[in-house]
Amino acid sequence: MSRPVYITGYGVISAIGVNSEENFNSLSKGETGISRVDFIDTIHRDEIFVGEIKMSTDDLKSLAALNQVESNSRGAILSMIAAKEAISHAELSPEDLKNCALISGTSVGGMELFEQGYASFKEGSISNPRKYFIEHDCGNINSKLATELGIKGHLSTISTACSSSANAILLGARLIKGGFVDVAIVGGSDALSKFTINGFKSLGILDENHSSPFDRNRKGLNLGEGAAYIVLESADRCKDKTVHAEIIGYGNANDAFHQTASSAEGIGAKLAMRQSLSMAEMESHHIDYINTHGTGTDNNDLSESISMQDIFGEDSVPRFNSFKPYTGHTLAACGAIEAVYSIFSLKNKILFPSLNFKEAIPDSGLTPIQHVLKNQPIHTVLSNSFGFGGNCTSLIFTSKI
Amino acid sequence: MNVKVTGKGLCSPIGDGKGSWERITAETKWYKAAKPDFNKYFEPKSARRTSNILKMSLVAAYDALNDNHEDISGIMIGTGLGCIGDSEKFLNSMIEFDERSLSPTPFIQSTHNTIAGVIALKLQVHQYNFTYSDRVFSFEWALLDAMLQLRETKQPKRFLVGSADEVTPQTHEIAKALGIYNDVSLENNDIVSMKSANVIAGEHAAFFTVSNSNESGVNLQFVKMFFQKTKRDILSSIKIALRESDIEEPDCIFIGINGHKAYDKVYNSVLNAFPHSDQAFYKHLSGENLTASSFALWLAVDCIESRKTPKEICLKQAKSHWKNALVLNHLRNDYFSAIFVSR
């Protein structure tokens with residue numbers, strides 16, 4: 001069985017907006033969401049820049065308008081905001097929701113809440129451990145989401161670091177293709193936390209200024225937070241529905257090189273891109289645009305550049321950008337957030353600039369998109385997401401349906 | 001196409017499962033996994049840098065592969081809480097050193113997909129690499145993912161599928177504060193008589209090779225997950241799935257009772273529907289964790305292969321051996337899973 005997989009709805013919240021419209025507008029204006037830290041109690045707040053959503057968790061909770069569940073986890077609340085937008089956008093019925101698959105990606109789950117209670121727990125002075133600890137596992141997000149939305153179908157959570165939500169999309173597409181489900185709500189979420197800020201700080205890969213992916217003088221990444229969900233449906237359900245794009249290819253592979261770093265030649269990245277192209281039955285020249293992982297670290301951007309040149313030809317790499325300078329690196333959420341941005345490009349025939357780029361990496365000579373480009377013949381997009389543990393995922397979206 | 005479990009490895013409170021099925025670790029507050037024989041496969045000097053959950057996983061994975069490291073088409077792993085030992089270590093150092101000059105190693109190893117990533121690195125598996133973390137569905141998804149992919153393809157393929165969960169002192173204290181687990185004590189060491197007040201935590205890693213080739217093995221018939229479904233829906237779905245495998249009643253049902261009086265009743269509707277099935281239990285050996293069903297699957301496959309019905313796990317036994325087994329697990333009424341294997 002092999003059925004086409006259509007995207008019929010999407011929702012997103014990030015540092016550049018609390019819904020799709022706001023995100024689209026910020027991208028169109030080239031407006032970044034990168035700022036200093038306001039909502040996390042860290043000593044690094046004045047040394048680093050982040051893509052933080054400028055709302056307290058309580059305010060986000062009001063925005064999420066929770067009816068069926070209580071939650072204090074910023075990550076879970078972000079998920080609910082994005083998933084609710086996606087579901088209403090796709091006009092799913094309560095019956096659709098009951099039987100669909102819900103697949104989320106997250107890397108740290110409720111860590112941001114957990115770490116707030118942890119120190120006082122160790123000192124023995126915590127009064128309400130439930131509030132801080134009961135929501136810490138990755139599965140919490142789906143449990144809250146499913147209960148809030150009335151989903152009783154198939155729940156799955158993927159935790160493959162920064163490719164988590166890209167893999168959620170991959171799995172959802174495969175389940176629909178194979179006839180396992182007809183509808184899948186897929187995406188992911190990560191909230192900023194002291195844990196991840198210190199983790200990336202200890203790795204020495206946080207840029208102290210705004211990140212500049214693919215620039216020769218890039219100094220590292222800015223962390224971010226956010227969530228995005230997209231609704232996937234089998235084509236046969238979509239006769240009378242607005243279809244925004246189709247997923248025609250995907251691939252997941254492992255670099256098997258180093259726990260955190262990418263191999264110089266991008267073995268895993270190339271395998272993932274090749275698999276997705278071969279599944280889409282496409283030659284590399286069919287790709288109109290690449291939505292790169294482009295974190296802004298020395299290692300990722302060089303390795304990704306070389307792998308793109310290997311696949312597309314040294315001088316024929318399609319136009320590409322990185323969205324990390326807008327939202328920061330939203331870890332597990334970036335694959336889904338950038339999938340929504342890919343759909344923006346496909347629907348509106350617009351390409352968004354990669355911010356902060358000045359000079360190409362000498363070894364590649366590649367220059368990302370630098371200005372907003374309108375009325376572009378964009379039909380097919382390849383989107384990359386790579387993570388720790390060598391995890392590499394590529395997705396191909398098309399508007400040619 | 002038949003999907004089979006063709007190899008298996010275990011690191012658990014009963015060790016690698018090759019001896020008698022009794023807990024062999026000293027009683028602590030929870031059921032600790034026996035120290036795996038790490039040096040059997042790896043440089044002793046790397047042991048110090050390898051975390052508890054990674055050691056358990058690596059040894060169980062290598063045991064499952066049984067020296068055949070070729071042609072692995074992918075790695076699927078489920079973990080309920082991931083590498084919490086390293087998360088705890090990094091959090092502790094953040095507090096102790098006030099966020100300054102931290103070693104990145106525990107942060108790197110804290111990621112849930114560390115296990116799948118490290119195994120891919122050691123075995124140089126560049127293919128598919130997924131880590132699931134959705135409470136008691138974590139291992140089930142790893143298994144289902146492999147099963148669906150093997151059924152979809154005509155090529156012979158083999159996946160490494162596993163699960164791991166560990167317990168650490170601090171997270172155990174937190175789980176106690178949340179009322180999830182209790183320390184081991186005389187009262188709660190007997191989960192069958194339902195005398196216990198609460199649940200004992202445990203840790204283990206269980207790995208399997210799952211294949212659609214002609215190799216011998218135990219057939220993986222179905223993996224079912226139910227979220228917030230009624231008992232009636234669960235039972236009817238299990239019955240239909242069994243019938244599709246030409247089975248009216250399972251030879252043995254592995255029940256995930258853990259001593260929690262209220263929740264342990266969840267299994268009754270399934271048990272009552274199959275009055276002639278033998279019954280086995282497993283959490284008195286493994287303890288409870290979010291991937292306990294992988295431990296049960298290891299036991300079930302071993303029983304089917306070796307035609308034994310060990311008294312250590314039997315609650316009700318009339319059959320001389322089991323040709324098939326239904327493995328059940330559940331969490332707080334919301335999550336219920338069923339795995340069915342047969343010869």
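This is a predicted model: local features need pLDDT of at least 70, side-chain atom pairs count only at pLDDT 80 or more; totals for chains, interfaces and linings use all residues.
View 1. Chain B contains 11 helices and 11 strands. Its radius of gyration is 19 Å, close to the 20 Å that the globule rule gives for 343 residues, so chain B is as compact as a globular protein of that length. Along the principal axes, the C-alpha atoms of chain B occupy a box of roughly 60 × 50 × 35 Å. Of the 343 residues in this chain, 58% count as buried. When contacts in chain B between residues at least 6 apart in sequence are considered, 75% join residues at least 24 apart. The average pLDDT of chain B is 94, and 97% of its residues score at least 70. For the model, ipTM is 0.98 and pTM is 0.98.

View 2. Domain 1 of chain A brings 63 residues to the contact, and domain 2 of chain A brings 56 residues. On the side of domain 1 of chain A that touches domain 2 of chain A, at least two residues each come from β1 (5-14), α1 (20-29), β2 (50-51), α8 (164-177), β5 (183-190), β6 (223-224) and β7 (226-234) of chain A. The element that gives the most to this side is α8(A), with eight residues. By class, this side of domain 1 of chain A has 29 nonpolar, 28 polar and six charged residues.

View 3. The contact draws 44 residues from domain 1 of chain B and 40 residues from domain 2 of chain B. The elements β1 (4-11), α5 (138-152), β4 (158-165) and β5 (204-211) of chain B each contribute at least two residues to the side of domain 1 of chain B that touches domain 2 of chain B. With six residues, α5(B) gives the most to this side. Its composition by class is 24 nonpolar, 12 polar and eight charged residues.

**View 4. The contact between chain A and chain B.** Chain A provides 49 residues and chain B provides 47 residues. Elements of chain A that each supply at least two residues of the side touching chain B are α5 (111-122), α6 (129-133), α7 (139-149), β4 (154-158), α9 (194-202), β8 (245-254) and α10 (267-279). This side of chain A has 20 nonpolar, 24 polar and five charged residues.

**View 5. The largest nonpolar core and the surroundings of A228(A).** The largest nonpolar core has 237 residues, of which A228(A), I230(A), V340(A), F254(B) and A300(B) touch the most other members. Apart from neighbours within four places in sequence, A228(A) is in contact with Y10(A), G11(A), V12(A), A82(A), G187(A), A333(A), A336(A), I337(A), A339(A) and V340(A).

**View 6. N72(A) in its loop.** N72(A) belongs to the loop between α2 (57-64) and α3 (74-90) of chain A. Because N72(A) has 18 C-beta neighbours inside 10 Å, N72(A) counts as partly exposed. Residues up to four places away in sequence aside, N72(A) touches T57(A), L113(A), K131(A) and E135(A). D58(A) lies 14 residues from N72(A) along the chain, and the C-alpha atoms of the two are separated by 8.1 Å.

**View 7. E91(A), a residue with positive phi.** The phi of E91(A) is positive, at about 50 degrees, although E91(A) is not a glycine. This residue is placed in the loop between α3 and α4 (94-99) of chain A. E91(A) counts as exposed because it has 12 C-beta neighbours inside 10 Å.

**View 8. E99(B), a residue with positive phi.** E99(B) is not a glycine, yet its phi is positive at about 65 degrees. In chain B, E99(B) occupies the loop between α2 (84-96) and α3 (105-110). With 17 other C-beta atoms within 10 Å, E99(B) is partly exposed.

Note on methods. Residues are numbered from 1 along each chain as its sequence is written. Chains are lettered from A and ligands numbered from 1 in the order in which they are written. Two residues are in contact if their C-beta atoms, placed from the backbone, lie within 7 Å. Helices (H or I, at least four residues) and strands (E, at least two) are DSSP runs, numbered from the N terminus. Ala, Val, Leu, Ile, Met, Phe, Trp, Tyr, Cys and Pro count as nonpolar, Asp, Glu, Lys and Arg as charged, and the others, Gly among them, as polar. pLDDT is the predictor's confidence in each residue, from 0 to 100. A residue is buried if 20 or more other C-beta atoms lie within 10 Å of its own, exposed if 12 or fewer, and partly exposed in between; C-beta atoms are placed from the backbone. A nonpolar core is a set of buried Ala, Val, Leu, Ile, Met, Phe, Trp, Tyr and Cys residues joined through C-beta atoms within 7 Å. The radius of gyration is taken over C-alpha atoms; the globule rule is 2.2 Å times the number of residues to the power 0.38.
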